[in-house]
Structures are given as structure tokens and as C-alpha cells.
Amino acid sequence: MENSINTLLEKDFQGILKRYNTPRSAILPMLQFVQKKYGYISKENVETVADVLGLSSTEIGSVLSFYGMFNTSPSAQYMIYVCSNVSCGLHGAEKIITFLENRLNIKEGQITVDGKFALRTVECLGACGGAPVVQINNTYYENMTNEKMEKIISEMEKQ
Amino acid sequence: MSEKIVLKYADVPEQKNIGTYMKNGGYKALPRALSEYKPDEIIQLVDKSGLRGRGGAGFPTGKKWGFIPKTSPKPKYLVCNADEGEPGTFKDRAIIEGDPHLLIEGMAISSYAIGAHKAYIYIRGEFAMGADILVSAINQAREAGFLGKNVLGSGLDIDIDVFRGAGAYICGEETALLDSLEGRRGMPRLKPPFPVVVGLYASPTMINNVETLANIPRIIDNGAEWFAGIGTPHSTGTKIFCISGDVNKPGVYETPMGISFKELLKMADGIKDGKKLKAFFPGGSSTPILTDAHLNIEMDFESLKKAGSMLGSGAVIVLNEDRCMVKTAARLVKFYRDESCGKCSPCREGTDWLAKVYKRIMDNKGRDGDIDLLLSISHDIYGTTFCPLGDAATMPVVSSIKYFRKEYEEHINGKCNHTDN
Ligand SMILES: Cc1cc2nc3c(=O)[nH]c(=O)nc-3n(C[C@H](O)[C@H](O)[C@H](O)COP(=O)(O)O)c2cc1C
Ligand code: SF4
Ligand code: FES
């Protein structure tokens, strides 16, 4: 099949592969590429990565499972990560989490039924000067308050 | 004496553009390094400057560079550690986003000094913006001839690639980082052999922190004596302190090494809400807690060591008088438990035990003897683990019990009256 998803992916992968000394080193960049494109990494795409790199899909899966940032099931349109480490904790991270749980009607670790939002707590995001810090998809929001959070959520609901 | 060395221009708008960087004196050190110094002479200069690693351990940078074999049948690598995962730390991000060319210039000079033609920046996955900024700055530098083939007509090839992590604190440990760069689960390697001899792709590899490398152009520009004249005799230069927690103005503050904690606190405009200081982590969550009795402590490698703590990454987390120390320690133990790579049993099992005991104490189900149990588990972990993460997990436990044992007792007796944190 000329136009199957995997053929298209393979083309992109060749570009990534060229940059590395060993095929193995391209694993994380390829998984990141897949996740950026589809929001998560399906079993099928793990196999594509394995095929391109000439490694077994078990090996790819083992690497994938080590790292916290990879999703293996469809993710939400907006992935909300609330930092819950000490500095953010001192500035009310727990209140933000409770606010979001109530606002989105989900618990930490869950995804809304419409697939719009997912809520997770994460470790220190390396931005503690702006605590509490919330990351939504790739963007950091610092010095968060419930009011600011409400504004952001209602904006995103309209998208 | 100017206080800022590394972050001097980080607040200048557009400093990330090569033109602005050069207007502010950038890319003068690299041509000088290439034309006026032999690689060995740069290593000697850095050694003379007294610069010590800013990633946590404080090993003298020039000495470490000297361990790279002069000749090697395999290519040598430079790897910049931009994993920045230590809770409380956010200084490397300030350099990367504020003055990326300073890091790039530092890396080009360092590559020349150790004989590397290829360098990597391993940046934590969450710093998506930082990674983009670095990639465009590297492209600008390459276009201008500061990177790539035959850099500035020197006949040398020096290039840098950005590699993004994917969310694992342990990958900040240098050998785990190398495994991650090689596309494996990021687990620490057995040392020796040390990465300077057998590192990335089994080749000699120098791993340095962002802040360490960003100091290099300044040392070339101003000389080793100038640098050694800042700070204290054994902790030269400045340090970027990341101040967070209960202060009025959290943020990054660059000052000469050896500044007193009291002065530093003043720079951050003191404790929030007019409260009193209770305790602080002087160098990140892996460094033992100090208390208000240490207000006058000097913030440098040797003074903090003498006080039973460490300078670490320079991440100062401040806690006011109302904060619960048990909860703080419990939170960090959970962090280390979750981030343990699981390779060695004292860390894997020990952190889990610690977390279980903390959980029951926090659930008001603490038992008599739990405090001593925490100490004895910590004792069994300390010094027995494969990498320093295991030791790190015991730091908040042992130090908080040392200074705040009473709070633990209050918790176990159901009498903790601290506000939530
Ligand atoms: C668990 C763990 C995490 C670490 N995380 C970092 C980090 O995020 N950034 C860093 O530069 N060094 C980190 N280090 C220290 C590195 O192993 C290494 O010592 C450092 O990058 C060397 O650079 P330097 O000599 O310039 O300080 C970590 C060490 C351990 C044990
Ligand atoms: S001390 Fe912990 S993190 Fe380090 S190797 Fe052992 S299990 Fe892994
Ligand atoms: S503790 Fe939240 S960003 Fe560091």
C-alpha cells in the first residue's frame, strides 16, 4: 500500500535516522515524532519504528515504557500536567488540582469523556520560580491561580 | 566587581539572536581560543580559573577535562547535561532561553579543548521551547561559521545536536544520560570505566552541566585570574541560585560564590507574608535541609559541606515557620521512590519502604518506632546503592528528623498543627 500511514511515517523516519550514529539512538526521536503527530504511540507504530530500525518491537516497547512522557493510548486534545513537587506545593498546587478535578469533573489521572482534557500531576517541571506551574501540551503556564486556570480552560473549551 | 557573569545579558530582549549576542561581545572568545591557545592551554586555563562543575557534584572542570585521553582511536564527544530535573532547580532553563549562544560558544570552545568534533545537548523533554531556541541558535551559529565544517578556517569540524529526553529524572545522572542518548532505558552504568574513557558509543566523553559550559567564554574573555578572583578561594566565580518557596520574589539570582544565605534571602525580598524562616534546602531536594540557625552560612561548596549539607545545583527552597517538615520530606521520598530506576535493590526496595512508612504517618496511622525505622532504612540505603539517587532519597529524611524530630513525634501522636503545604 503506497499511501498507508506507515509508509508515510517511514519517509520521515529516514530523515531522523540519518542524524544518528546508531539506529538505536533514533528510538526516542522517532517516538517523539510519532507522539507529536498522533498524540500517542500505537502498537502499530511501535512496530513501524522497530522495522525501520531493525530492532524488535519488544525492545522498542521496553524503552518506551521507561519514559514518563510517552502516551500509549489516545491522549486528550489538551493534556494538563500540574506540578506537584515541593516548591509548587508550597504555592498551592493541591488547590489547583482540586479546582481542575471539580471543573473538569474528572480525577487526577483521568480524561474527560469528550476526550478534550486529561489531568495529570507531574514532578518538578524546572520552573519553580513561577510556582505553581501547569503545563498544557507543550506550553508552561506559571504563577497559576484558579482564576487564571478558569480563563484558560474556558478558552480551550471553545476550541 | 560585576556580579553577573553567566546571566549578564540573559534579560536583554533578542539576546537569543546571534546579532544581538555579538553586539554584546559574543563570539569573540571562540576565535581567540582557536587562534591563541592550544587545546591543552585551554584546559590549563580552566583549571587555573578554579571552575567547578555546576551540575551538583562540584568536581573541578579543568581536572575532569584533563582525564580525556589525548589520543583516541575513537571519536571523542562532549555532552551538555541540560536535563535539569532536580526539584527546585530552574537555572539552566534561564541560560538556554535567555542566552543560548553563550552555551553554544562555551560548547564549541570546550569541544576544541578536549578534541571533540561532535557535541550533544541532552535537554529534558518538557523544555520544548528551550529545545526550539537551541536548535535555531545552533543553525544561526552554523551559518555564521562558528559551528560546522572548518570552523572559522581552523580546519576543525565542531558541531552540536540537540537531543530531547522523555521524562525521567534519573537521566540527569551522567551515565544514565548516556544510555538514554544511545536509545536505551536510562539506567546508570557501572563505574569504572568512567565516561571520560568509555562514554557515549564506548568513546571518551565529557559530560558537563549547562552553567559550567556557559562560564567558559567568560574565562577566555577575561582570564583565569579574573575568574579565580570572584567568589571564595575554593569556590570561584559566581553561582546561579534558584530561589523558590516561601519568599517574596522567587527566581534566579546570580551572585559570587560565598554570599551568605541571609544576603541571598534579602535579594529574594525576604520571607513571604512577614513570616519567619524555618528551614531551607540549600542546593536542591537532594541536599540536607538546614534551619534558621544557619542564616549566616556562606553559600559555597566548602562552607555548606562543613555544615553537613551541599551546594548541589544551587536550588534554594525556602520554608516558613508554618510549614510541615514531615509532609515536605514525605513528598520528596515519594519523588525518589517514583524516579528510582529499579536497578539496585537498596534503592528500589528502600525508597518504597520509606514511602510506605511516610504514608502511614501522613494518614495519622504512624506507630511508635517509625522515626527510628525511617532512620534505619535510610542507614541501609546510604552508601550501598549503584548511583547517588539512593543516597539522595535519604537526605530529606535524615536531615528533617535531625532538626525536627519533635514534629515527627507530633505527627505520630496526632498533634501536628502546621498549615497545609
Ligand atoms: C540522580 C541524579 C540526577 C542528576 N541530574 C542532573 C541534572 O539534571 N543536570 C546536571 O547537570 N547534572 C545532574 N546530575 C549530575 C551529573 O551526573 C554530572 O555530575 C554532571 O552533569 C557533571 O557536570 P559538571 O561537572 O559540569 O557539574 C545528576 C546526578 C544524579 C545522581
Ligand atoms: S540507586 Fe536507584 S536510581 Fe540509582 S541505579 Fe540504583 S535503583 Fe537506579
Ligand atoms: S516544583 Fe514545580 S516547577 Fe519545580
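Biologist: In S9(B), which residue is the bridge partner of B:Ser244?
Modeller: This is a predicted model, in which local features need pLDDT of at least 70, side-chain atom pairs count only at pLDDT 80 or more, and totals for chains, interfaces and linings use all residues. Residues are numbered from 1 along each chain as its sequence is written, chains are lettered from A and ligands numbered from 1 in the order in which they are written, and side-chain values use heavy atoms, leaving out hydrogens and water. Strand S5 (residues 238-245) of chain B pairs in the parallel sense with strand S9 (residues 315-320) over four bridges, where a strand is a DSSP run of E with at least two residues and a helix a run of H or I with at least four, numbered from the N terminus. Within S9(B), B:Ser244 has as its bridge partner B:Ile317.

Biologist: And which residue of S6(B) stands opposite B:Ile240?
Modeller: Here S5(B) meets strand S6 (residues 251-256) of chain B in the antiparallel sense, over six bridges; two strands pair if DSSP finds at least two bridges between them. A hairpin of five residues connects S5(B) to S6(B). Opposite B:Ile240 stands B:Glu254.

Biologist: What order do the strands of this open sheet follow?
Modeller: The sheet is open, with five strands and mixed pairing. S6 and strand S8 (290-291) of chain B each have a single partner strand, so one side of each is left without a neighbour in the sheet. The order in chain B is S6-S5-S9-S7-S8.

Biologist: How many residues of S5(B) are buried?
Modeller: Buried means under 20% relative accessible area, exposed over 50% and partly exposed in between, with a 1.4 Å probe and protein chains only. In a regular strand, side chains alternate between the two faces of the sheet. Both faces of S5(B) are covered, with B:Thr238, B:Ile240, B:Cys242 and B:Ser244 on one side and B:Lys239, B:Phe241, B:Ile243 and B:Gly245 on the other. The number of buried residues in S5(B) is eight of eight.

Biologist: Which residue of chain A forms a salt bridge with B:Arg331?
Modeller: A salt bridge is a side-chain nitrogen of Lys or Arg within 4 Å of a carboxyl oxygen of Asp or Glu, and the structure holds 43 of them over all chains. In this one, the closest N and O atoms are 2.9 Å apart. B:Arg331 lies in helix H14 (residues 325-339) of chain B and its partner in the loop between strand S2 (117-122) and strand S3 (134-136) of chain A, so the pair joins two chains. That partner, buried like B:Arg331, is A:Glu123.

Biologist: How many residues apart are B:Glu407 and B:Lys278?
Modeller: Their side chains meet in a salt bridge of 2.4 Å, N to O. B:Glu407 belongs to helix H17 (residues 388-412) of chain B, and B:Lys278 to strand S7 (residues 277-281) of chain B. Both are buried, B:Glu407 with a relative accessible area of 7% and B:Lys278 with 8%. The pair links distant parts of the chain, and the separation in residues is 129.

Biologist: What share of the residues of chain A counts as buried?
Modeller: Chain A has seven helices and four strands, running α-α-α-α-β-α-α-β-β-β-α from the N terminus on. Along its principal axes, the C-alpha trace of chain A spans about 50 × 30 × 25 Å. Of its 159 residues, the buried share is 52%.
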